[in-house]
Amino acid sequence: MAAGVNRKISAASARAHTRRAKQNASFKLPSGIFTKILLVLSVGILAWAYQAIQPPLPKTCGTPDGPPVSASRIKLKDGRHLAYKEHGVPLDAAKFKIVYIHGFDSCRHNAVVANTLSPEIVEALGVYIVSFDRPGYGESDPNPKRTVQSLPLDIEELADQLGLGSKFYVIGFSMGGQVVWSCLKYIPHRLAGATLLAPVVNYWWPGFPTNLSTEAYYQQLPRDQWALRVSHYAPWLTYWWNTQKWFPSSSAIAHNADIFSSEDKELLPEILSTTRNHTALVRQQGEYESLHRDLIIGFGTWEFSPMDLDNPFPNNEGSVHLWHGDEDLLVPVSLQRYIAQQLPWIHYHELPGAGHMFPHAPGMSDNIVKALLVGEK
């Protein structure tokens, strides 16, 4: 058995060892420091995230920091202002009075039916049209409390203050067409007739069969699937999602041409030439209370389904028309067909080869207005 080895440790070595031990001990971090660092970092990240998702305050027209007011406006009961523009024959000479509701990322000047309706039809039928800036757009005050119901009530108040009479017509295009469903729900007693032009659909309306709405939903570009998913399930993230630079945001907000059909693209040069002067006006009060609020309301949870609506004109004293192109890449035609099947009182007009922008096609506004006002197809 081997014997152990005895090693002598010098006094100098012992002192050196002791000094190293003390030095090592002096570098030891205080107890709990890592927890504190993690807590500070977490608070910092949360504070950054909170700031990132907070939209800026709108630049309301007529305020010191906002754009000037140049439009005719009414003051609503809640104190907000609604800007409007009149078209056609003078109101006191009109036989037919129409309220036009503009679409997404538009304003009162983008009233395609009013702008392209032939003078012959205007004079022959005695047509008066008023278009207005929806809340947050153009020169209408934002409405942070906007709901599915609030805009029809704004329209009713606009009609009363302008003196349109007990009944009037409504025509809405795209996102404005979606608003017409709300008018049929909340102010049907005020309507003489209604037309929906390529109305935006909410994929979460309970009236749709799940397989149908799911199939239509996935026909969208992936970036739009995500934009609408965020608006529906996490509306508080809508501002951040559509302003961040890491992932593609809504195609409509980014003006991505991929959402347009071949016919739409043929119409775009003329559309752009007539809207270029008003482009800056549309978003001048900020994107959150206009574009983003549209997404939150339009694709949020509704308290009713359009497919459950009753016929507002059971005695044929008026009519409701829905026009849609079968090559619309923005709003799937399959969902409009289903709605028309569920509502047999709807006059459904499907246009072969047409895309989302079909109301801008030559002669289209004449056909739309005649169908609504005098029943001509």
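Trainee: Which way do β6 and β7 run, and how many bridges join them?
Mentor: In this predicted model, strand β6 (residues 191-197) and strand β7 (residues 320-325) run parallel, and 4 bridges join them. To find a spot to look at, pick T195: its bridge partner in β7 is H321.

Trainee: What actually holds strands like that together?
Mentor: Strands of a sheet pair through backbone hydrogen bonds, and the pairing can be parallel or antiparallel.

Trainee: OK, so what order do the strands of the sheet come in?
Mentor: The order is β1-β2-β4-β3-β5-β6-β7-β8, which makes 8 strands in an open sheet with mixed pairing. At the edges sit β1 and β8 (346-351), each of which pairs on one side only. From one strand to the next, the twist averages 25°.

Trainee: Which helix packs on the sheet and touches β1?
Mentor: That's α5 (residues 150-162), which also touches β2, β3 (96-101), β4 and β5 (168-173). Its direction makes about 110° with that of β1.

Trainee: And what does α15 lie across?
Mentor: Helix α15 (residues 364-373) lies across β3, β4, β5, β6, β7 and β8. Compared with β7, α15 runs at about 155°.

Trainee: Back to the β1 end. How do β1 and β2 pair?
Mentor: They're antiparallel, with 4 bridges between β1 (residues 72-75) and β2 (residues 81-88).

Trainee: What does β2 do with β4?
Mentor: β2 pairs with β4 (residues 127-132) in the antiparallel sense, over 5 bridges. For instance, E86 has V130 in β4 as its bridge partner.

Trainee: I clicked on R80. Where is it?
Mentor: R80 is in the loop between β1 and β2.

Trainee: Is R80 buried or exposed?
Mentor: R80 is buried, because its relative accessibility is 9% and the cut-off for buried is under 20%.

Trainee: Which side chains does the R80 side chain make polar contacts with?
Mentor: There's one with D78 at 2.8 Å, and another with D154 at 2.9 Å. Leaving aside neighbours within four places in sequence, R80 is in contact with I74, K75, P135, D141, P142, N143 and D154.

Trainee: New topic, helices. At what angle do α5 and α6 cross?
Mentor: Roughly 75°, and their axes come within 8 Å. The two are therefore roughly perpendicular to each other.

Trainee: Which residues meet there?
Mentor: On the α5 side you have L151, P152 and I155, and they meet V179, S182, C183 and Y186 in α6. By class, that contact has 6 nonpolar residues, 1 polar and no charged.

Trainee: How do α7 and α14 pack?
Mentor: Helix α7 (residues 210-217) and helix α14 (residues 333-342) pack at about 150°, with axes 9 Å apart. That angle makes α7 roughly antiparallel to α14. L212, S213 and A216 of α7 make the contact with S334, L335 and Y338 of α14. Sorted by class, those residues are 4 nonpolar, 2 polar and no charged.

Trainee: How many residues of α13 are buried?
Mentor: For α13 (residues 288-298), it's 11 of its 11 residues. Among them are E289, H292, R293 and D294. The buried residues of α13 pack against α6 (175-186), α8 (222-233), α9 (238-241) and α10 (251-254).

Trainee: Last one: how many helices and strands does the protein have?
Mentor: The secondary structure comes to 15 helices and 8 strands. Of the 377 residues, 53% are buried. And among contacts with a separation of 6 or more, 78% are between residues 24 or more positions apart.

How values were computed: Residues numbered from 1 in each chain as written. Predicted model: local features only at pLDDT ≥ 70, side-chain atom pairs only at ≥ 80, totals over all residues. Heavy atoms only, no water. Pairing = 2+ DSSP bridges. Axes fitted to C-alpha atoms, helices over the stretch in contact; angles between N-to-C directions. Parallel < 35°, antiparallel > 145°, perpendicular 65-115°, else oblique. Contact = heavy atoms within 4.5 Å. Nonpolar A, V, L, I, M, F, W, Y, C, P; charged D, E, K, R; others polar. Buried < 20%, exposed > 50% of the residue type's maximum accessible area, 1.4 Å probe, protein only. Polar contact = N/O pair within 3.5 Å; in protein donor to acceptor, adjacent residues only side chain to side chain.
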